[in-house]
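Good morning, and thank you for coming.

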Amino acid sequence: MIVKPFVPSPLTKGLQALVTRMQPTHPQYQNFQQELKNKEAGDFGEQYVMKELQQIALLNDCYIFHNVILPSVLPMQIDILLIVPNAIILLEIKNIRGTVHFKSDPRQLIRTSESGEVHVFTHPEIQLEQYIQSMKYFLDTQNVSIPIYGAVVFPFNNVNIHREDGRLPILMAKELPIFLHKHLEKNKETATMTEIKNIILSHLQHRTPFPLCQYYQIDASALRRGVYCENCGEFGMEKLRMTWYCQSCKFQCKNAHIRALLDYHMLVGDTISNSECREFLNIESQYVAKRLLQKLNLSSTGPDRIRKYHLSNLYWNSPLKE
C-alpha cells in the first residue's frame, strides 16, 4: 500500500526553473544543466522502483513511503521506506550508467562513464548506514523497537557493477521481490505496522533548498524576467484584460503568471512586493499586479504601500510539486 506516493524532488523543479530562466551564456549554465540531468535521472529511478514495488503482491498489506524526512540528530532523507510486518526496510536508489566500482578501503564509489570520464562519490553504504542509525534513534524516541534493514538498489541494467567486500546488499530492481520475501513473515501482528505508519506520518518533515539563487550564490539579476509561454518556450507574454497572450505563437493562458510566481518563490524568495512582482512579470500597472496577487489569496504582511505577499502556500498547493 502506497502511503506517501512518488513526487519529484523540489530541487529538480527548482533547477528546471533555474535553467529555463538562466541565459545559456551564463558561466554556470552548463553545470546547472548537468545537475538537472542528474536529478531528473535520480527521480526517474525512484519512480521506477516505486512502480516495481506496487507490482509485488507480497507488499499489498505493507506500507510504502517515498522521500521520507524525519527529525533526527543526523541528516536523514530516505529515498524509499517500507514497513513490513517484522521490520523496516530502507532503500537507497542509484540510477547510474556506466561502470561502477565499490571500493571498501576507503569506501568509495568510482564511476567510469560511457565516454571514459571518471567520477568519485561517497559510498552509498555510508549514507545508508547513517539513515539506519538515524531511524533507530528516531524510533527510540517513540519507544518503538523493530529491526531495520537497508539495501542499495540500481533500477536498470545499464550499469556494470564491480564490488569489493560490502556490509549492505546491493541489488538490481528486479531482485527486490526475492530480497523482500526474506523479511516478510505473514504470521506477525500488523498492529505495530499501523502504529509505526502513524508515527512516521505525524513526524514527516518537508525540506526545500529554496531560494536557489541564495543556495547556489547566484545574482538574481542574471535571471530572465517575464511570463513564460509553455506552448512555444518564449518569454514575454503580454498581459491582456482577461488573459496572457504570447505574440510569438498566439497562445493564450489565463493563469500563466502563476508559473512565473512559482519560479520567483523557488529562485528568488518566498515574499514578493507589488513592485517586485511588476519587475519580474514585466508589467507596468501596480493595480494589475495587486489584482493578480490578491486573487491568489496569499497571506501578506505590512501596510498596503510596502505589503509583502507570501508565496510558499502557492508552491505547496500547486501541481508543480507533484
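I shall speak about the pockets, then about a pair of helices, and finally about some details of the backbone. Please keep in mind throughout that this is a predicted model.

Rolling a probe the size of a water molecule over the atoms shows where empty space is left. The largest pocket holds about 1600 Å³ of space. Its lining is made up of 45 residues, and those closest to the centre are Asn38, Lys39, Gly42, Lys94 and Asn95. Which element supplies the largest share of that lining? It is H2, with 10 residues. Other elements that each give at least two residues include helix H1 (10-21), strand S2 (63-69), strand S3 (77-84) and helix H3 (124-141). In terms of residue class, the lining of the largest pocket comprises 16 nonpolar, 16 polar and 13 charged residues.

The second largest pocket contains about 330 Å³ of space. Sixteen residues line this pocket, and Lys4, Val7, Asn67, His206 and Trp316 lie nearest its centre. Two or more lining residues come from each of S2 and helix H10 (312-316). The lining of this second pocket divides into 8 nonpolar, 5 polar and 3 charged residues.

Asparagine 67 is located in strand S2, and its phi is near 55°, a positive value in a residue other than glycine. Asparagine 282 also has a positive phi, near 60°; this residue sits in the loop between helix H8 (274-281) and helix H9 (286-295).

I turn now to the pair of helices. Two packed helices are described by the angle between their axes and the distance between the axes. For H1 and H2, the axes come within 9 Å and cross at roughly 150°. This crossing is left-handed. On the H1 side, the contact residues include Leu11, Leu15 and Leu18, while H2 contributes, among others, Phe32, Leu36 and Lys39. By class, the contact of H1 with H2 has 7 nonpolar, 3 polar and 4 charged residues.

Another runs from phenylalanine 210 to proline 211, with omega near -5°. Proline 211 is found in the loop between helix H5 (191-203) and helix H6 (212-215).

How values were computed
Residues are numbered from 1 along each chain as its sequence is written. This is a predicted model: local features need pLDDT of at least 70, side-chain atom pairs count only at pLDDT 80 or more; totals for chains, interfaces and linings use all residues. Side-chain values use heavy atoms; hydrogens and water are left out. On a 1 Å grid over the protein atoms alone, a cavity is a set of points where a 1.4 Å probe fits but cannot get out, and a pocket is an open set with protein on both sides within 12 Å along at least five of seven lines; lining residues have an atom within 4 Å of a point. Grid points are joined across faces, edges and corners, and a volume is the space filled by probe spheres set on the points. Helices (H or I, at least four residues) and strands (E, at least two) are DSSP runs, numbered from the N terminus. Ala, Val, Leu, Ile, Met, Phe, Trp, Tyr, Cys and Pro count as nonpolar, Asp, Glu, Lys and Arg as charged, and the others, Gly among them, as polar. Axes are lines fitted to C-alpha atoms, for helices over the stretch in contact, and angles run from 0 to 180 degrees between N-to-C directions. A crossing is left-handed if the near helix is turned anticlockwise from the far one by less than a right angle, and right-handed if clockwise. Contact means heavy atoms within 4.5 Å.
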